[in-house]
Amino acid sequence: MPLNLAVALFCATASLFAIAGADDPYRFFNWNVTYGDIYPLGVRQTGILINGQFPGPDIHSVTNDNLIINVFNSLDEPFLLSWNGIQQRRNSYEDGVYGTTCPIPPGKNFTYILQVKDQIGSFYYFPSLAFHKAAGGFGGIRILSRPRIPVPFPDPAGDYTVLIGDWYKSNHTDLRAHLDLGKKLPFPDGILINGRGPGGASFNVEQGKTYRLRISNVGLQNSLNFRIQNHKLKLVEVEGTHTLQTTYSSIDIHVGQSSSVLFTADQPAQDYYIVVSTRFTNPVLTTTATLRYSNSAGPVSGPPPGGPTIQIDWSLNQARSIRTNLTASGPRPNPQGSYHYGLINTTRTIRLANSAGQVNGKQRYAVNSVSFVPADTPLKLADYFKIGGVFRVGSISDNPYGGGIYLDTSVMNADYRAFIEIVFQNDEDIVQSWHLDGYSFFVVG
């Protein structure tokens, strides 16, 4: 009980400091997380709703806003939300993954206090415990630039959140039990666009106007390709960074990624297919939504346009073509690119290799042979209160050593403000997605 009291005092103290120390605007959200019946692929299943919504409500904010999000957990098990891409400056306590934040017990609430300090762009939130992501609980986050900060493209006529992801007809509890029996996940049953199956979602546009789509892959494992029949996509932002504006006929969005594209409704007035399909899979799963012109003369016609399927080079070349716009203003009124990241001397290189296997009859996944075991006490609290025996720094190596998988509460140390090169090594025959969150990461190769 003393630890619980200490945790409560720590949370309250942190909250008071956060509120007292900032003058930027506040946005308040009250969320109730519940189970509810959903029918995204035509069959009834148990979903996770936020304020009765699936997907959850969008968070709209502006650079430097303070977000006060009170989350009440009405589920029958602990629940935890992660804020994908929101920087946790100096303290990752509220990052929302197991080990940083206490899970919210059933029937209790927790208030997240986040500041989108010096950030812009498109992100999303998702539940990070107990395979809850397979039941919902996710939603979009958008951070607009402050009014006096120029954006490198005119204001669009509309701005839509587009959440895409693979989906199963099975409840998340059944999928979780499937893994616990030592099996891998089966092939998904379909793909959702904003929580709806084939033909379920629609987006309204006016002819001649330009629109912004904030596309996030909120699925479990599959890379997806996004395209609009007869329309070009201009990439303008990835993960909160303005990009050089490159035009594509379709774009790959990998698990966890968020990108913004502009498109102009410059085609004859009718309805058009919006298509999302899986990449690197056999068979290929495909779903559609509808782009509906306000003066449409007719419904969609013909087959949905095809896209890339198993071509790895196509995806790699597209990723290599994405470049940061160094002349665009950042969240603050100073040009990006004034600091040359290419001249930084990295002080440490970490090589992380993923692997899969069974341990004690259960399907496990590992990094440098360590399969993570959650501790009873969140690691950030154990570190803050100097509680011994919860974890040991260095319990995972900087490089793979090729040994078999073993269980441990793996923790790696890093120095504040150090520039570290992290190399990811995937020796498996599936795409591997990594979630790096909490502070600043830059893809360099």
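Begin at the second largest cavity of this predicted model, where the lining comprises 3 nonpolar, 4 polar and 1 charged residues by class. To display this lining, select S122, F123, G140, I141, T161, L163, R214 and S216. Strand 7 (121-127), strand 8 (139-144), strand 9 and strand 12 (210-217) are the elements that each give two or more residues to it. The space in this second largest cavity amounts to about 30 Å³. Next, colour domain 1 (26-144) and domain 2 (158-324); both give residues to the lining of the second largest cavity, and the cavity therefore lies between them.

A search of the whole structure finds 2 cavities of 30 Å³ or more. The next stop is the largest cavity, with a volume of about 80 Å³. To centre the view there, select F138, G165, D166, W167 and V218, which lie nearest the centre of this cavity among its 15 lining residues. Then show strand 9 (residues 158-167), which gives the most to the lining of the largest cavity, with 5 residues. By class, the lining of the largest cavity holds 9 nonpolar, 4 polar and 2 charged residues. Domain 1 (26-144) and domain 2 (158-324) each supply at least three residues to the lining of the largest cavity.

Now move to helix 2. Select residues 172-180 and, within this helix, highlight H172, L175 and L179, which are buried. Viewed down the axis of helix 2, the buried residues fall within an arc of 60°, so they line one face of the helix. In an α-helix there are 3.6 residues a turn, so residues three or four places apart point the same way. Just after helix 2, select G182, where phi is positive at about 90°.

Step back to the whole chain, which is divided into domain 1 (26-144), domain 2 (158-324) and domain 3 (341-426).

Two cis peptide bonds may be visited next. Select F54 and P55: the peptide bond from F54 to P55 is cis, with omega near -10°. P55 sits in the loop between strand 2 (45-50) and strand 3 (59-62). Then select N282 and P283, where the peptide bond from the former to the latter is cis, with omega near 10°. The loop that holds P283 runs between strand 18 (271-278) and strand 19 (286-293).

The tour ends at the loop between strand 21 and strand 22 (370-372), where N368 is found. Although N368 is not a glycine, its phi is positive, at about 50°. Is N368 buried or exposed? N368 is buried, with a relative accessible area of 1%. Finally, select S369, which is placed in the loop between strand 21 and strand 22. S369 is a residue other than glycine, and its phi is near 75°, a positive value. The relative accessible area of S369 is 6%, and S369 is buried.

Conventions. Residues numbered from 1 in each chain as written. Predicted model: local features only at pLDDT ≥ 70, side-chain atom pairs only at ≥ 80, totals over all residues. Heavy atoms only, no water. 1 Å grid on protein atoms, 1.4 Å probe; cavity = no way out; pocket = protein on both sides within 12 Å on 5 of 7 lines; lining within 4 Å. Points joined across faces, edges and corners; volume = space filled by probe spheres on them. Helix = DSSP H or I, 4+ residues; strand = E, 2+ residues; numbered from the N terminus. Nonpolar A, V, L, I, M, F, W, Y, C, P; charged D, E, K, R; others polar. Domains from an automatic or database assignment. Buried < 20%, exposed > 50% of the residue type's maximum accessible area, 1.4 Å probe, protein only. Arc of directions from axis to C-beta.
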